[in-house]
Amino acid sequence: MAFSRISKLDPPCRGIFRKAAVMLCTLFTSLFLLHCLTARCSTTSPVKVSSGRGAGLFEDFRSLRTKRLAYQWTPGSELTGYGVARRSSRVLADERSGQVSELPEEESFILPPPDLVASRKVSPRFAGKLSPLGEGSKKLPQALIIGVKKGGTRALLEFLRVHPDIRAVGAEPHFFDRNYDNGLEWYRELMPKTLEGQITMEKTPSYFVTREAPARISAMSRDTKLIVVVRDPVTRAISDYTQTLSKKPDIPSFESLTFKNRTTGLIDTSWSAIQIGIYAKHLDNWLHYFPMEQILFVSGERLISDPAGELGRVQDFLGLKRIITDKHFYFNQTKGFPCLKKAEGSSKPHCLGKTKGRTHPNIDPEVVQRLRDFYRPFNMKFYQMTGRFFGWED
């Protein structure tokens, strides 16, 4: 009776609930402000908090700070604010131990901004796996353009360098024919730095006709992919002679160098301009060390008439996405071959230098026909070996 009488006389006051709500709001506001202050504290100046409930709350905020650091670049980076693809196990361990530490650069897995990917500073295929920009390492090449001289190797290399996943040496190293005694480390230092997933390349056309080159390249890596640009051997020989003539105007005529004896019509195969075009003979030497599936043959003629088509085959062979397409080329009527609308690292059109596309001297048609007859059986064998018909007899 007494209890019921008291309840009727003193009903619960609504003010108690309002005071409780205000206290809760104040508590949450304080926690939020404490979190903001903690996020701005320097990680090099740890704050000591006495034991108890307050210390536990502070540890929770330090853990949040650790997570926040895991999703940032290192200080001063251009990419601060872009998400990390994944966190390292080290960060998780730090959270558990209550230690706050930023990720070292080698453990950062950053997704870069689209404008940097578009500018080719970062390969789009591996954008989520890269360390900070400017890093990379020099590697021995995984692919080589090994030949042939005056076949179109320079054009192929310049076209391939447009691809963001290909890094190539501009000059010809001549390592496996002239500089092999310098050693692999010397060779590696010539290579450009590459990031994960990028392919290192170089081109030296004389490798294809160098007897020792296949064994030396195989000793470096049996998995090396080889690219050979081939061209009608008669046209190639004339182009080879034209290049030499531009440097040595007093050399004998093409006709006199072609034959050992003009009367008998015996071809001089010791002359390098003729010897290089016996493709089947040189290929046989390479097949002792590399399977055919590791060698790609690019048509020098189709590299002019359909550069995007041939570049598509090369990109497939290298296991790369077909990024280089028709939109990258235009045909230069004056030079007579395709040029790049935009070269590597440039926004301007780019054609090969004046040393390419020289006008060939007039050669006696009878000499040209003799050379075609000479090369015909070698060409047929080459077609059989490669499984591709190049149409040099048409």
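The expected span of a helix is 1.5 Å times one less than its number of residues. Helices here are DSSP runs of H or I with at least four residues, and strands are runs of E with at least two, numbered from the N terminus.

This is a predicted model, in which local features need pLDDT of at least 70, side-chain atom pairs count only at pLDDT 80 or more, and totals for chains, interfaces and linings use all residues. Residues are numbered from 1 along each chain as its sequence is written, and side-chain values use heavy atoms, leaving out hydrogens and water.

The protein chain holds 15 helices and eleven strands. Of its 394 residues, 43% are buried, meaning under 20% relative accessible area with a 1.4 Å probe, protein chains only.

Helix 9 (residues 233–247) has 15 residues and should span 21 Å; its end C-alpha atoms are 22 Å apart, which agrees. Buried residues of helix 9 include P233, V234, R236 and Y241. Among the elements that cover the buried residues of helix 9 are these:

| Element | Residues |
|---|---|
| helix 10 | 254–258 |
| helix 11 | 272–275 |
| helix 12 | 279–286 |
| helix 15 | 365–386 |

Elsewhere, the axes (lines fitted to C-alpha atoms, for helices over the stretch in contact) of helix 6 (residues 153–160) and helix 14 (residues 307–317) come within 11 Å and cross at roughly 75°. Helix 6 is therefore roughly perpendicular to helix 14, a term for angles of 65 to 115 degrees. L156, F159 and L160 of helix 6 meet P307, L311 and V314 of helix 14, where contact means heavy atoms within 4.5 Å.

Technical notes
Axes are lines fitted to C-alpha atoms, for helices over the stretch in contact, and angles run from 0 to 180 degrees between N-to-C directions. Angles under 35 degrees count as roughly parallel, over 145 as roughly antiparallel, 65 to 115 as roughly perpendicular and the rest as oblique. Buried means under 20% relative accessible area, exposed over 50%, partly exposed in between (1.4 Å probe, protein chains only).
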